[in-house]
Amino acid sequence: MIENLIDAIAKELDGDLSDVNDLNKLQEKKAKYLGKKGPLTQAMADMKNQTPEGKKTLGMRINECKVYMEKKFEEKKRQIEEKQLEAKLKKEKIDVTLPGLKLQEGSIHPLYQTIMDLEDLYISMGYTIAEGPEIETDENCFEKLNLPKGHPARDMQDTFYINPELLLRSQTSPVQVRTMIEEKGKPFKIVCPGKVYRRDQDDATHSHQFMQFEGLVLGPNITLADLKGALLEMARCMFDKDRNIRLRPSFFPFTEPSVEVDVSCGICGGKGCPTCKGSGWIEVLGAGMVNNNVLRMSGYNPDEIQGFAFGIGVERITMLKYKIDDIRNFYLNDVRFLSQFKEVK
Ligand code: DAH
């Protein structure tokens, strides 16, 4: 009688589980069949009416039934979970052909682009890059560049002094001095990009902070012709390969002779136009043969080693190259200006 009841429970369970398809429902059913008030507990209660032999068989039957039901619940649970996963995968499928989100791209700052172009060019000609601090000593920035205290040429550069010995460098030329002292009389070729500071009122062509790109080559038998070659390469790299350069006599305390370097005008090809003010030439930088005093002060013997130096205004040639008419554009951080420069090499 009791055994029939147990068979009936197993059958009922099969029917009862067939339309269960979520885990909560399944849990409810589990409580109904296997919980404290379930049919097996009732069957257990009948134990006390059994003979010792009957107790043994009934105990085994109840246990078999329990194992059977637990197995059924386990199976059902796995089925439900599989179905749910399948549905989820179907719903969440990724369309790999959809276009991605477009990230806003940055661009290279035009001044940095110019510096990278110049560095690449001079590295290809065997130069190395040297750097120096923006806070310099008066000694490196002026004294050792043949500008002693009271020298009239110091007026050319209105300098931000921190104290009588320290200043914000007004030119990258002190990197020449630092490298010469380090190299102890040996030949070398360097270029030095960097920021410089002057007490200028900011306007379309002046900025209290700007960038220079300095060059220095020291070695035996270096001549002005070598300087001309190094700068002609620069003009053709920065502008175009048809450009020419010319040297005009000038004055810098640290070079002798000193020259001002012009590049032929790219707008009129040298015939003369408003951009070059009719001359066919545009002034781009200062240069010269290193002054013997400068060599001696930093431990070089001018009878054995000579050299040339140049100082390029990075803003100036960038403005010429990209036809920018106001130097302040470089420092306003206006993305409408900056995003025009996408060129990277
Ligand atoms: N230092 C100069 C300036 O700031 C530029 C310059 C001219 C640098 C001639 C040089 C040079 O190395 O030889 O105006």
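Student: What distance separates an oxygen atom of the ligand from an N or O atom in the side chain of Glu-214?

Tutor: That distance is 2.6 Å, which falls under the heading of a polar contact (a pair of N or O atoms within 3.5 Å; within protein, one must be able to donate a hydrogen and the other to accept it, and residues adjacent in sequence count only if both atoms are side-chain atoms). This is a predicted model, where local features need pLDDT of at least 70, side-chain atom pairs count only at pLDDT 80 or more, and totals for chains, interfaces and linings use all residues. Residues are numbered from 1 along each chain as its sequence is written, and side-chain values use heavy atoms, leaving out hydrogens and water.

Student: Which atom of the ligand lies 2.7 Å from a polar side-chain atom of Gln-171?

Tutor: A nitrogen atom of the ligand. The backbone takes part too: a polar backbone atom of Ala-309 is 3.2 Å from an oxygen atom of the ligand.

Student: What share of the ligand does the protein bury?

Tutor: Of the 360 Å² that the ligand exposes when taken alone, the protein buries 92% (Shrake-Rupley areas with a 1.4 Å probe; for residues, only the protein chains shown count as cover).

Student: How many residues surround the ligand?

Tutor: There are 16, and Gln-171, Gln-176, Arg-198, Gln-212 and Glu-214 are the closest; to belong, a residue needs a heavy atom within 4 Å.

Student: Which strands each supply at least two residues of that shell?

Tutor: Look at strand 5 (209-219), strand 8 (281-290) and strand 9 (306-313). Strands here are DSSP runs (E, at least two residues), numbered from the N terminus, while helices are H or I runs of at least four.
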